[in-house]
Amino acid sequence: MSKYGSSALKTNASIKAIASVIITLIVVVLIEYAFLAGKMDSFLNGKRAAMTTPVIIIGAIVVLMSILLNVSTLISASKYNKLLAKYSEASLLEELNNHMIQAHKNANGKKVYITEKYLISPDNCILETSQIAWQYTHVQNNVPHFTLKTLDGKEYRPGISTMGGTTDKSCVEALKKVNPSILIGFSDENKKLYKKMVKEHKGD
């Protein structure tokens with residue numbers, strides 16, 4: 001019996017993002033409706049409801065922020081679904097069930113899988129392990145990110161923990177096991193080697 005099914009490859013991030021926007025919109029509309037309903041008497045009595053316009057603007061800003069915060073999730077999920085179709089769900093599940101090297105679980109509950117052929121981060125990315133050239137930790141706004149760079153020059157953040165614990169190290173070891181040529185750690189030397197690898201891959 002297979003341990004992993006279709007649900008292992010999907011987290012329904014796009015559905016959750018859309019639901020988040022809709023819920024925010026409904027809450028804002030209800031709050032503004034309640035506020036404006038309370039101001040209606042002021043309008044009917046010829047008085048000026050000074051707070052009406054600011055409240056409407058604030059509500060619009062809240063909804064807009066919700067949309068912007070979820071746009072990246074929707075874009076990422078869309079790209080992921082295309083990769084899922086490219087590599088085929090059946091092929092990826094076969095890898096998960098028969099060639100698993102490491103199943104990493106983040107603090108937020110999301111999983112990242114490393115198999116002999118792929119690194120799979122549901123609703124984020126699917127990378128061929130043979131194409132991963134460099135792994136290092138990139139710090140942005142004081143937040144460390146487990147970062148991967150591929151032979152085509154692209155950068156990915158699959159969501160693997162970067163607290164320096166055993167889970168983080170075991171993921172690095174798992175990647176080295178399936179692809180011994182991966183450069184580990186950020187340094188000027190690795191930066192030069194990576195550029196050389198990308199150049200050679202492109203055939204320049």
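I looked up the second largest pocket first, and its volume comes to about 230 Å³. For a pocket I used an open set of points on a 1 Å grid over the protein atoms alone, with protein on both sides within 12 Å along at least five of seven lines, and lining residues have an atom within 4 Å of a point. Grid points are joined across faces, edges and corners, and the volume is the space filled by probe spheres set on the points.

I noted that this is a predicted model, in which local features need pLDDT of at least 70 and side-chain atom pairs count only at pLDDT 80 or more, while totals for chains, interfaces and linings use all residues. Residues are numbered from 1 along each chain as its sequence is written, and side-chain values use heavy atoms, with hydrogens and water left out.

**Pocket lining**

I listed the residues that line the second largest pocket as Ile75, Ser76, Lys79, Lys82, Leu83, Asn124, Cys125, Glu155, Tyr156 and Arg157. Two or more of the lining residues come from each of helix H2 (52-87) and strand S7 (155-156), and H2 gives the most, with five residues. Helices (H or I, at least four residues) and strands (E, at least two) are DSSP runs, numbered from the N terminus. By class I found four nonpolar, two polar and four charged residues in this lining, where Ala, Val, Leu, Ile, Met, Phe, Trp, Tyr, Cys and Pro count as nonpolar, Asp, Glu, Lys and Arg as charged, and the others, Gly among them, as polar.

**Salt bridge**

I then searched for salt bridges (a side-chain nitrogen of Lys or Arg within 4 Å of a carboxyl oxygen of Asp or Glu), and the count came to one. Arginine 157 counts as partly exposed because its relative accessibility is 28%, and glutamate 155 counts as partly exposed at 39%. The cut-offs are under 20% relative accessible area for buried, over 50% for exposed, and partly exposed in between (1.4 Å probe, protein chains only).

The C-alpha atoms of asparagine 81 and aspartate 123 are separated by 7.3 Å, although the two residues are 42 residues apart along the chain. Serine 88 lies in the loop between H2 and helix H3 (89-98), and I recorded its phi near 75°, a positive value in a residue other than glycine. Most residues other than glycine have a negative phi.

**Nonpolar patch**

On the surface I found a nonpolar patch formed by Ile18, Ile22, Ile26, Leu30 and Leu74, with about 440 Å² of accessible area together. Four of these residues, the largest share, come from helix H1 (residues 13-44). Patch members have over 30% relative accessible area and no salt bridge, with nonpolar side chains (Val, Leu, Ile, Met, Phe, Trp, Tyr) joined within 5 Å and like charges within 9 Å; the areas come from the Shrake-Rupley method with a 1.4 Å probe, and for residues only the protein chains shown count as cover.

**Whole chain**

Finally I noted five helices and eight strands in the protein chain, and buried residues make up 33% of its 204 residues.

How values were computed:
On a 1 Å grid over the protein atoms alone, a cavity is a set of points where a 1.4 Å probe fits but cannot get out, and a pocket is an open set with protein on both sides within 12 Å along at least five of seven lines; lining residues have an atom within 4 Å of a point.
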